[in-house]
Amino acid sequence: MTSPIPMVEIRRGGVAESIHHGIAVVADADGRLLHAWGDPDFLTFPRSSLKPFQALSLVESGAADGLDAAHLALACASHRAEPFQVSMVENWLRRLGRPESALVCGPALPMGEGDLADAVRAGGKRRVFHNCSGKHCGFLAAAQAFGTPSGYDSPDHPAQRHWLAALSELIGHDATALPQGTDGCGLPALAMTMADTARAAARYAALGVADPKREAAIRRLLAALREHPDHVSGHNRPTSRIVAATDGRVVLKEGAEGFVLGFVPERGLGIAVKMLDGASRGKMAVFATLLGRLGILPEIRAAELARAVEAPVLDSNNRVVGEVAALALG
């Protein structure tokens, strides 16, 4: 493995207090690595960044027929259990005729302070509050469409095998042979190299598949990510800010443990970022900075965006006492 690259400084009083190292890879739809900072062969779990690929089971099974783009975005979401997101999950379960207990993801609480307080007053944790509950609704729907309505958390379930077959096409080799673990929501989690993750995103962005049905499914999902970024994360979150700043030319999906994956359809690019210590802070600033480095945004605008998508360092009185700053990547 090559030396890790310093990518983010946490500065207090102008002094670097902490430094986060990471890896960033940019690939095109032909599979070429255009840029790599750090080791492109680093094997890791993209976690929820793979949800746009997993949602192919929902769309290609026919289970998404009749669903709107907002539902497709929710199927790709790592949401904050804002009321509109919870309502959509509840309505989706009713539409499927399934109880909340059918969701494999465990009970959780909303992430927003006010929403969390409301949830505690109303009885506490629920499965619909889990940040992956939209994905799980998507898998429930796909499982029913495949004729195997239970057990969608098994690696051998048709809904799991289907999206892995699609991913195999996008990376050019058998995804089922890749190492697997279990995600925080209880579903199988796939380990991939940074290079393969970026290549898969690039080919997804470029609609680089042979089957017209799959191409149409990817087109629908990209449109959903572009049109409904608030459903994918939450209102005024970094995901929505980046989609807005690029006028929808870039869509992205965050993953746990410091991962973020970007799709640039007009240029057929995939951008993968991983903070090696698993920190979430700083990864979106790195991603925004890369948009300037790649000429997708003017560098000044990208620098402004990098500052806007990261919360500053605050003291206990909510006064700004420091910053999360992405470092220049040569």
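Colleague: Which residues does Gly255 touch, leaving aside those up to four places away in sequence?

Modeller: In this predicted model, Gly255 touches Pro46, Arg47, Ser48, Ser49 and Lys283.

Colleague: How far apart are Gly255 and Ser48, in sequence and in space?

Modeller: They are 207 residues apart in sequence, and their C-alpha atoms lie 4.2 Å apart.

Colleague: And where is Gly255 placed in the secondary structure?

Modeller: Gly255 belongs to strand β8, which covers residues 251-255.

Colleague: Is Gly255 buried or exposed?

Modeller: Gly255 has a relative accessible area of 5%, and it counts as buried because that value is under 20%.

Colleague: Turning to helices, at what angle do α7 and α8 pack?

Modeller: Helix α7 (residues 158-171) and helix α8 (residues 194-205) pack at about 95°, and their axes are 8 Å apart. The two helices are therefore roughly perpendicular.

Colleague: Which residues meet there?

Modeller: From α7 there are Leu167, Leu170 and Ile171, which meet Asp196, Arg199, Ala200, Arg203 and Tyr204 of α8. By class, this contact of α7 with α8 holds five nonpolar, no polar and three charged residues.

Colleague: What about α11 and α12: how do their axes cross?

Modeller: The axes of α11 (residues 238-245) and α12 (residues 283-293) cross at roughly 10° and come within 11 Å. Because angles under 35 degrees count as roughly parallel, α11 is roughly parallel to α12.

Colleague: Which residues make that contact?

Modeller: Helix α11 contributes Pro238, Thr239 and Ile242, while α12 contributes Met284, Phe287 and Leu291. The contact of α11 with α12 has five nonpolar residues, one polar residue and no charged residues.

Colleague: Back to the overall fold. How many helices and strands are there?

Modeller: The protein chain has 13 helices and twelve strands.

Colleague: What percentage of the contacts with a separation of 6 or more joins residues 24 or more positions apart?

Modeller: Such pairs account for 65% of those contacts in the protein chain.

Definitions and conventions: Residues numbered from 1 in each chain as written. Predicted model: local features only at pLDDT ≥ 70, side-chain atom pairs only at ≥ 80, totals over all residues. Heavy atoms only, no water. Axes fitted to C-alpha atoms, helices over the stretch in contact; angles between N-to-C directions. Helix = DSSP H or I, 4+ residues; strand = E, 2+ residues; numbered from the N terminus. Parallel < 35°, antiparallel > 145°, perpendicular 65-115°, else oblique. Contact = heavy atoms within 4.5 Å. Nonpolar A, V, L, I, M, F, W, Y, C, P; charged D, E, K, R; others polar. Buried < 20%, exposed > 50% of the residue type's maximum accessible area, 1.4 Å probe, protein only.
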